[in-house]
Amino acid sequence: MPVIRRLSGLEILDSRGRPTVQATCELSSGVMATISVPSGASTGAHEAHELRDGDPQRYRGLGCRRAVSHIHGEIQAALAGRTLYDQGELDQSLIELDGTADKSRLGANAILAVSLAFARAAALEQGVPLYRYFAGLLGDGEARTLPRPTINLFSGGKHAGGQVSIQDLLLVPVAAQTMDQALATVVEVFQCAAELNRERYGVRLLTADEGGLAPPFPSIEAMWDDALAAIRRAGFEPGREVALAVDVASSHFYSEGYYALSADQRLSPAEMIDQIAAWLTDYPIVSVEDGLSEEDWDHWPDLRARLDGRALVLGDDFLCTNPARIQRAIDSGAANALLLKVNQIGTLTEAGEACQLARAAGWHVTISARSGETEDHWLADLAVGWGGDHIKIGSITQSERLAKYNRLLAIEAETGLPIR
Ligand code: PGA
Ligand code: ZN
């Protein structure tokens, strides 16, 4: 059984140049592991609390020195030398030590960094790859499939300059039989889309936070049309070979009961649902994330009923990887797919509960990165270990994303597992 000898933290920078937290966990066996946590920008109101220093003189208040000091300080003092039965016991100790509902005292960034660093160290000590360790947290330790990637092509909203209100349009290589084929397909479509952008908007390749292209689309429909044109130009058939997914991230343009979809479109929830259904009629969309606001509980069941059997009704900000919110959504028939981001809830154990709850309800699970990422690639192992149907990492252009795609390729080569 693992015994923690030492914990340390380090403030590092994420892919947007904002501070985030890295932790190192040393076990009494001498095994040592380091891990980094990501950070969002289009965050849900109900996420666990990232502790930031708030000093405007340093990183515009976003410093993580206090969170890091809690790792060396209080967390290490409470855990070092203790024999921990398993991940569950570690995470429960962290939750109790923090003592708040949203992990705001020690910081969800500090707590998650310790939870993950312990996982990586424990996997090393057991001599198993990280994806097998994760698989053991929820099941028998066997990974059976690789997730199908959903990969950002175009971006707007909070991840770009707000060119369109919709945050991300993603490609889903539905016909790919292997991870390698999936990535090769998407890279080809991405290149064709970049060429089209140059021809139509005269812009060079400018990318958003997660690496999506962000030209000045005149309308949302122009964005959908360009995606289809890029798929065709790359030699693929839209829908049959490459489908689309969308992260509407609509909480960010919802206010007082209305969705400000564009300058001249202020839609009621019913009109917003009509609009999404109309997109599904015109375009091969297989997944709709946050189609309605995180507060619009009354209308999510209508959205689900309307899209059932056509596209996944996927909750990100709406569910916040929070078991209580997921249970409420299951009970009210409000969604049928979970976007799982471990740092929305703050420990591996609670994220695992969220995953199992969704699975038990027959939901689909997408394992997701954040817009502020690091070069760490534990997310690929998590998606394999927890049997994610989809993985959402971002575009195919930036190393903090590619570290995870490359890890998926390595896991594929090592295991020969089929893609879902
Ligand atoms: P993030 O958003 O900026 O909060 O990471 C990503 C997403 O909305 O899926
Ligand atoms: Zn989202």
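This is a predicted model: local features need pLDDT of at least 70, side-chain atom pairs count only at pLDDT 80 or more; totals for chains, interfaces and linings use all residues.
Let's start at the metal. The zinc ion (ligand 2) takes three side chains as its protein donors: Asp247 through OD, Glu289 through OE and Asp316 through OD. These donors sit 2.0 to 2.2 Å from the zinc ion. Read along the chain, the donors of the zinc ion are spaced as D-x41-E-x26-D. As for solvent, both Glu289 and Asp316 are buried, with under 20% relative accessible area.

Next, the empty space. Rolling a probe the size of a water molecule over the atoms shows where such space is left. Searching the whole structure turns up 5 cavities of 30 Å³ or more, and the largest cavity has a volume of about 100 Å³.

What surrounds the largest cavity? Its lining is made of 17 residues, and those nearest the centre are His159, Glu210, Lys341, Ala369 and Ser371. Sorted by class, the lining has 7 charged, 7 polar and 3 nonpolar residues. Strand β14 (residues 390-394) gives the most to this lining, with 3 residues.

And where does the largest cavity lie in the overall fold? Domain 1 (4-127) and domain 2 (148-415) both give residues to its lining, so the cavity lies between the two domains.

Notes:
Residues are numbered from 1 along each chain as its sequence is written. Chains are lettered from A and ligands numbered from 1 in the order in which they are written. Side-chain values use heavy atoms; hydrogens and water are left out. Donors are N, O and S atoms within 2.8 Å of the metal (3.2 Å for Na, K and Ca); water is not among the atoms, so sites may look incomplete. Buried means under 20% relative accessible area, exposed over 50%, partly exposed in between (1.4 Å probe, protein chains only). On a 1 Å grid over the protein atoms alone, a cavity is a set of points where a 1.4 Å probe fits but cannot get out, and a pocket is an open set with protein on both sides within 12 Å along at least five of seven lines; lining residues have an atom within 4 Å of a point. Grid points are joined across faces, edges and corners, and a volume is the space filled by probe spheres set on the points. Helices (H or I, at least four residues) and strands (E, at least two) are DSSP runs, numbered from the N terminus. Ala, Val, Leu, Ile, Met, Phe, Trp, Tyr, Cys and Pro count as nonpolar, Asp, Glu, Lys and Arg as charged, and the others, Gly among them, as polar. Domain bounds come from an automatic or database domain assignment.
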